[in-house]
Amino acid sequence: MQEETTNTTTTNIAPSFFLCVHIGAGYHSPSQTPKYKQLIHSALSRGETLLANPCYSSLDVVVEVISVLENSDLTNAAYGSNLNLDGKVECDASIMQSVPFEKQTVEYENSGIASSSNSSSTKDTNALNFPKNRSWFGGVSNVTCVKNPIKVAAEILKQQKEGTLSFGRIRPIFLVGEGANVWAKNNGIEQIKPEDLITEKSRKTWEKYTRLINEQNNENNQNNQNSEKEHKGKKRLLDGENESSTTSPKQQKNHSEKNREESEEEESSLFQDTVGAICVDKNGVIVSAVSSGGILLKHSGRVGEAAMYGCGCWAEDFPSCGVGCSVSGTGEFISLDLLAKGCCDIIKDNEYPDLAVQNLFSKQFLPSNDTTPRNAGLIAIKKTPLPKTTKNNEKDNKENNKNESSSNESHENSDSENDDNDNLNTNNANTNITEENNENNNDTKNSVNNNVNHQFEIELIWGHNTSSMGIGYTSSNPNYKSRAIISRLPDKRDTTSPHFVLIEGINCKI
């Protein structure tokens, strides 16, 4: 899909862009860290290749990047997804594309709704309310025979732009189950046998926890029988004469301890969740997406946040800024809070987006009177147009070059250690490049920057209250090239607090 260019660029300069991804919030085995980072870099590299070609839009890029993540058995999306109670894969995915504000105004004026008045101020005021939804959306749930569910969601989004079907029929924005499978097949999206989405690892994990559930159910049934006998002879129970009990208290304790001894690999497959991405292309169009296999041993037919409007992803453009968010975590609670939309609503008008995200977690998603485990992680961006003046651009370039050397080392350490504070204000961190990128770019960044007219300032925030979250980002700015991070909660923290949240971020001009 090729978007109409709204900003002129010099022909010998690559199109501007910003791309970030996540591989889920949950638990990521330290022993698997190199593999996680390699996967993140592979996804970012695929995005960079496409974004170097002006023919590709942020929508195209996000679909391809998510597909890379879906095709890996390291993630819980498409291939290698968690299995439901019936031992099957049911996938959710959704994608949202913002409509740039300038284009919203054009669509309004071309719609025939605009006032016939010649007053430009009247038209501008009315244009602010058109369209009410400043985005396109497509979602699917419980798809079982599609290689890349995100491609179905994207095709649903694209076809909405073609208008109504014959006889005024409205095109769908959300499809579920067999209907989604059939729609995907009819629209030429690659099919796959359901069993080919199942990996040996996911099958073994399903078998293990299914067995544990069955054992627990048997124990509960046995306990119910024992309770009935207790009314008939409590003394016999106290004296240990109950021969019907299958396990002693000591055996039950040992059994419970054994169950808790999960290997890192099993924990990784059990707890990491939705993958996602956000991209801003040369036209300022924001696309956000998510894809997930859902929680392990979910009931068949369960719809997760990754498929639901406003829950797993959001992208929207306003006169003063654009925002995007991609979420991972406990789907039921994320859905109740419309977390992706809520995040974008709170950062678009806030001067400090990182503090806004902190408040979103602490004051909304993690209520103080609720002890139910609510796990979530997210990546969010705020895009702000920059003044189109040479003077300001030169000033920005000098600030970028000045701040890079001073802040690079501090953020490098966040890959292995995180600050003890649960609220990290990193709005002033202007560089996040690896040592190898630093070496490669030192000789060229000054000449490149001096020829670039930055269009947008991008503020990227990531946050999670889970053990870890894998994220990565890259951009057209040579100071912010491919970077993969496994963000982990610091060891030195109040482990008794269920509301500990780690918030980090960067600023980047593209």
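Analyst: A residue counts as buried when its relative accessible area is under 20%, as exposed when that value is over 50%, and as partly exposed in between. This is a predicted model, and in it R171, at 16% relative accessibility, therefore counts as buried.

User: To what residue is the side chain of R171 joined in a salt bridge, and is that partner, E162, buried or exposed?

Analyst: Side chains of opposite charge can pair when their charged atoms come close. Here the side chains of R171 and E162 meet in a salt bridge, at 3.5 Å from N to O. E162 has a relative accessibility of 55% and so counts as exposed, whereas R171 is buried at 16%.

User: How many salt bridges does the model have, and which parts of the chain does the one between E64 and R46 tie together?

Analyst: The count comes to ten salt bridges. In one of them, the side chains of E64 and R46 meet at 3.4 Å, N to O. Since E64 lies in helix α2 and R46 in helix α1, this pair ties together parts that are 18 residues apart in sequence. E64 is partly exposed, with a relative accessible area of 24%, and R46 also counts as partly exposed, at 33%.

User: Where in the chain are E316 and R134, which meet in another salt bridge?

Analyst: The side chains of E316 and R134 come together at 3.1 Å, N to O. The pair links distant parts of the chain, with E316 in strand β7 (residues 313-317) and R134 in the loop between α4 (120-127) and β3 (135-143), 182 residues apart. Both E316 and R134 are buried.

User: Turning to helices, how many residues of α2 are buried, and what covers them?

Analyst: An α-helix has 3.6 residues a turn, so residues three or four places apart point the same way. Helix α2 (residues 58-70) has 13 residues and reaches 18 Å from its first C-alpha to its last, close to the 18 Å expected at 1.5 Å a residue. Eleven of these 13 residues are buried, so α2 is largely enclosed by the rest of the structure. The buried residues include L59, V62, I66 and L69, but also D60 and E70. Among the elements that cover the buried residues of α2 are the helices α1 (33-51) and α5 (149-160), together with the strands β1 (18-26), β2 (91-98), β5 (275-280) and β6 (286-292).

User: Which way do the residues of β6 point, and are they buried or exposed?

Analyst: I286, S288, V290 and S292 point one way from β6, whereas V287, A289 and S291 point the other way, and all are buried. With seven of its seven residues buried, β6 is therefore largely enclosed by the rest of the structure.

User: Finally, which residues form a nonpolar patch on the surface?

Analyst: I173, F174 and V176 form such a patch, with about 230 Å² of accessible area together. F174 is found in strand β4 (residues 174-176) and counts as partly exposed, at 33% relative accessibility.

Technical notes: Residues numbered from 1 in each chain as written. Predicted model: local features only at pLDDT ≥ 70, side-chain atom pairs only at ≥ 80, totals over all residues. Heavy atoms only, no water. Helix = DSSP H or I, 4+ residues; strand = E, 2+ residues; numbered from the N terminus. Expected span 1.5 Å × (residues − 1). Buried < 20%, exposed > 50% of the residue type's maximum accessible area, 1.4 Å probe, protein only. Contact = heavy atoms within 4.5 Å. Patch = residues over 30% accessible without salt bridge, like charges linked within 9 Å, V, L, I, M, F, W, Y side chains within 5 Å. Areas by Shrake-Rupley, 256 points an atom, 1.4 Å probe, with all protein chains shown as cover. Salt bridge = Lys/Arg side-chain N within 4 Å of Asp/Glu carboxyl O.
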